[in-house]
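Here is a set of exercises to work through with the sequence and the model side by side. Try each task before you read its solution.

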Amino acid sequence: MAETKQAERKAAKLAKEIRAFAEEHGGSEGHLAHIGQAGTRIVLVGADGGWGDLVAPTYEIARQAAEKADLTLHEEFDGEFAAKVATGPYEWTRMAGIQIGGPSNG
């Protein structure tokens, strides 16, 4: 019983954060991705191309949070959905730094 209440509170808190992101970015869509024992990542993409993510302890809590926030979920983070993400110099530098020995960000 206590675990259920705790899960409901976590889902409500995540839903609040999802709604705040959507308000800041003119709406949002999302994708749920399992990240092993750490839980499930809620990837958010705003209507303006802004993006972010949240982590839920379980897939079910992530799904409940998305439902409570009326978040449109994509089954896959495919090319069409990924094309909505706006990237800038930071992301390109960061990706290059990780993948091919580019400049460090830290």
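This is a predicted model: local features need pLDDT of at least 70, side-chain atom pairs count only at pLDDT 80 or more; totals for chains, interfaces and linings use all residues.

Residues are numbered from 1 along each chain as its sequence is written, and side-chain values use heavy atoms, with hydrogens and water left out.

**Exercise 1. The overall fold**

Solution: Start with the elements, where helices (H or I, at least four residues) and strands (E, at least two) are DSSP runs, numbered from the N terminus. The protein chain has 4 helices and 4 strands. Next, turn to burial: buried means under 20% relative accessible area, exposed over 50%, and partly exposed in between (1.4 Å probe, protein chains only). Of the 106 residues in the protein chain, 30% count as buried.

**Exercise 2. The strands around E2**

Task: Find how strand E2 is joined to E3 and to E1, and explain why E2 is largely enclosed.

Solution: Two strands pair if DSSP finds at least two bridges between them. Begin with E1 (residues 28–34), which runs antiparallel to E2 and is joined to that strand by 7 bridges. Within this pairing, histidine 31 faces valine 43, and alanine 33 stands opposite arginine 41. The hairpin of E1 and E2 has 5 residues between the strands, and glycine 36 there takes a positive phi near 75°.

Now move to the other partner: 6 bridges link E2 to E3 (residues 51–56), again in an antiparallel arrangement. Here valine 43 stands opposite aspartate 53. This hairpin has 4 residues between its strands, with glycine 49 in the turn at a positive phi of about 90°.

Finally, consider burial: 6 of the 7 residues of E2 (residues 40–46) are buried, so the strand is largely enclosed by the rest of the structure.

**Exercise 3. The partner of E1 in E4**

Task: Decide whether E1 and E4 run parallel or antiparallel.

Solution: E4 covers residues 72–74, and the 3 bridges that join E1 to E4 belong to strands that run parallel. To locate the pairing, look at glycine 30, which stands opposite leucine 73.

**Exercise 4. Helix against helix**

Task: Describe how H1 and H2 pack, and which residues meet.

Solution: First, take the geometry, using axes that are lines fitted to C-alpha atoms, for helices over the stretch in contact, with angles from 0 to 180 degrees between N-to-C directions. H1 (residues 2–24) and H2 (residues 59–68) pack at an angle of about 50°, and their axes are 8 Å apart. That makes H1 oblique to H2, since angles under 35 degrees count as roughly parallel, over 145 as roughly antiparallel, 65 to 115 as roughly perpendicular and the rest as oblique. Then list the contacts (heavy atoms within 4.5 Å): residues of H1 including Ala7, Leu14 and Ile18 meet residues of H2 including Ile61 and Ala65.

**Exercise 5. A loop residue**

Task: Is aspartate 70 buried or exposed?

Solution: Aspartate 70 lies in the loop between H2 and E4. Its phi is near 55°, a positive value in a residue other than glycine. With 70% relative accessibility, aspartate 70 counts as exposed.
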